[in-house]
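Good morning, and thank you for coming. Please look at the sequence and the model on the screen while I speak.

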Amino acid sequence: VLHQSVPSSIAAILYDNTVMKSLILRGCGISHAGATRISCALANNASITVLDLSNNPLSNTGICSVALALELNTTIQKLKLSGTDIGREGGEAMVEALGINKSLQVLDMSRNSLDDQVITKLARSLKQNKSLRQLSLRSNTFSTIGGICLSFALYDSANLQAVLECNHTLQYLVLDINSNKLSRDCLKHANKALRMNARSSTE
């Protein structure tokens, strides 16, 4: 566990950093206050491409700070937020960020408390996002309702307009049929959409 003054020191380094590419702070006991300091520095950082804050008690307050940084940052490509106490408020902030960010390719929000309301909004945001390739949502609290919204964001054959509005870039979506309480039909639909995205990216 890092001393409470360390996040401030990390933030100070990030403001001037032009060399470091990865910032791995998994399981360091960083609180929402520490996350806020680091996020403020990351907002305008142009070198970090990988950020791992997994297994830290960031809570919704810290996640909202991370989301705000993500809206402004243009270089982060991989963000890991597994087990960071993301609830509805933090989840919705991340959803808004995904609708704006143009660089993020890999996002891990597994082992949190994302419910159907957040996932439904996430599905809408995915239709706007053109950069995300991998998304992990295993071990959250949403049900088949959220899963269906996700799968139709990836593939909806109702009409040509619906097809065009779907997300065509996401290729890996990690879900858990048990912890997410998803139906097998929902997973089959999502898998079909992901296969189509992967195929279209190679054509």
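A residue is called buried when its relative accessible area is under 20%, exposed when it is over 50%, and partly exposed in between, using a 1.4 Å probe and protein chains only. By that rule, 48% of the 203 residues of the protein chain count as buried.

Before I continue, a word on the source. This is a predicted model, in which local features need pLDDT of at least 70 and side-chain atom pairs count only at pLDDT 80 or more, while totals for chains, interfaces and linings use all residues. Residues are numbered from 1 along each chain as its sequence is written, and side-chain values use heavy atoms, with hydrogens and water left out.

Let us begin with the overall fold. How many helices and strands does the protein chain have? There are eight helices and six strands, where helices (H or I, at least four residues) and strands (E, at least two) are DSSP runs numbered from the N terminus. Their order from the N terminus is α-β-α-β-α-β-α-β-α-β-α-α-β-α.

Next, the dimensions. Along the principal axes, the C-alpha atoms occupy a box of roughly 55 × 35 × 20 Å. The radius of gyration is taken over C-alpha atoms, and the globule rule is 2.2 Å times the number of residues to the power 0.38. For 203 residues a compact globule would have a value near 17 Å, and the protein chain has 17 Å, so the two agree.

A contact means heavy atoms within 4.5 Å. Among contacts between residues at least 6 apart in sequence, 84% join residues at least 24 apart.

I now turn to helix α3, residues 59-72. Which residues of α3 are buried? They are G62, I63, S65, V66, A67, A69 and L70. Their cover includes α2 (32-42), β3 (78-80) and α4 (88-98).

Most residues other than glycine have a negative phi. S59, however, has a positive phi, near 60 degrees. This residue is found in α3, and it counts as partly exposed because its relative accessibility is 22%. S139 also has a positive phi, near 55 degrees. S139 lies in the loop between β5 (134-136) and α6 (144-154), and at 24% relative accessibility it counts as partly exposed.
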